[in-house]
Amino acid sequence: MSIWSGIVAAGVAIALAFGVVAQPLWEWKMDGPQQRETWTYSPFSAHQQVYNKTQSTNTSRFYPYDQLASSQPEMSAALAEFGTFFVLGLVAGFAGMVLSVLTVWKKLRGIFAGMAFVAACAAMLYVGFVIVLSIPNAASNDLPPFGSTRTQFYGQVGNTQQLLSTTPLAGWILVLGAGLSFAWASSDIWHIVPSRKLAPKKMDVTIKRIPSTATPPPPAAIVPSTPEPDIEEVFVIGSNGLLVKHMSRSLMSDKDRDVVGSMISAISSFVREAFTERDGEVHEVTLGDHRFVMCSDRGIVLAVLVSTGDTEDIVHRLRHLLAILGDRYGERLATWQGESLEGIEDELQVLWQPYHLPPPPAA
């Protein structure tokens, strides 16, 4: 929690408090055969509404509580007390907001704003709960009773002729919400203490020069790293000499396709001659500016076209990939006749990904 969350909570509480001013707190309604009389009590005024059922007329009046004191003295006293403490709580909330801003700006202790919010919380919760106890007794004495039944803060009683209902309204709920929000704001702010900048301590530093007694060792020679091989094309050739799969690193034009077609024919011819019964051997063939590195296993030949780089680094990749292809497609590659091999593109794609040999085992 931080002071900003406390300020936000206080702002919510003040907004709820302003909502209380515009909302009624409690309603008393007597519904009879001839008329329906309704009294709605707000923080600073009361509203009477009488609906005549026989004439279908509606009469509405507003009474400030000082004018209502002659006819409803106890209700006026209870609601006037509510208004007094409500205003005090709202003033304390505004004071807490000002002190919260000063806490951020002037580095005041948060206890001042926290105490203001505590006062606002106490005032709001007090008026919210006190009317629950005071209004039923005041209404029973000031408003028309229903037989010998005393008026409840919330309830309904009636018979076939009359119905008396009492209901707490939105204003009472907003008062409790404002009180709880002020409590939240206080819990976030009251413990804040401004931080003090500590002055750095002066330290005496003595620098002593130590003469060198030995010459430093010569720097280690930097061994230039071999360039990473650049693979352009990949070919998979079955044991029957047919091209099973061809993948290229980039899109090819029609001219490139003709060149690759010639390459495939040359590779297929070489495969039939070079890999007759010698699995596991690796051959490198140069055709003009192109270098082919080929490896065979169980009659399957994997060939790659390399443009730059050291081709010795590709041998481990080719043997590893051939073992994977043999395990996954062994029988189908041996008797391949043009059918689709699902997933083979993903297996060949690893040749364009970084490859690192595992370190040799410790002696």
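This is a predicted model: local features need pLDDT of at least 70, side-chain atom pairs count only at pLDDT 80 or more; totals for chains, interfaces and linings use all residues.
View 1. S42 is found in the loop that lies between β2 (35–41) and β3 (45–52). When neighbours within four places in sequence are left aside, the residues in contact with S42 are Q23, P24, L25, Y65 and L79.

**View 2. The six-stranded open sheet.** Six strands form this open sheet, and they follow the order β4-β3-β2-β1-β6-β5 with antiparallel pairing. At the edges stand β4 (57–64) and β5 (155–158), each of which pairs on one side only. Neighbouring strands of the sheet are turned against each other by 10° on average, with direction ignored.

**View 3. The pairing of β5 with β6.** Strands β5 and β6 (residues 163–168) run antiparallel and are joined by four bridges. Within this region, V157 stands opposite L164, a residue of β6. In general, strands of a sheet pair through backbone hydrogen bonds, in either a parallel or an antiparallel way.

**View 4. The nonpolar cores.** The largest nonpolar core has 46 residues, and W26 and Y41 are those with the most contacts inside it. At least two residues of this core come from each of α1 (3–22), β1 (26–31), β2, α2 (65–68), α3 (73–105), α4 (110–142) and α5 (170–189), and α4 gives the most, with 11 residues. A second, separate core has 23 residues, including L302, L322, W336 and L351. In soluble globular proteins, nonpolar side chains tend to be buried together.

Notes
Residues are numbered from 1 along each chain as its sequence is written. Side-chain values use heavy atoms; hydrogens and water are left out. Contact means heavy atoms within 4.5 Å. A nonpolar core is a set of buried Ala, Val, Leu, Ile, Met, Phe, Trp, Tyr and Cys residues joined through side-chain atoms within 4.5 Å. Buried means under 20% relative accessible area, exposed over 50%, partly exposed in between (1.4 Å probe, protein chains only). Two strands pair if DSSP finds at least two bridges between them. Axes are lines fitted to C-alpha atoms, for helices over the stretch in contact, and angles run from 0 to 180 degrees between N-to-C directions.
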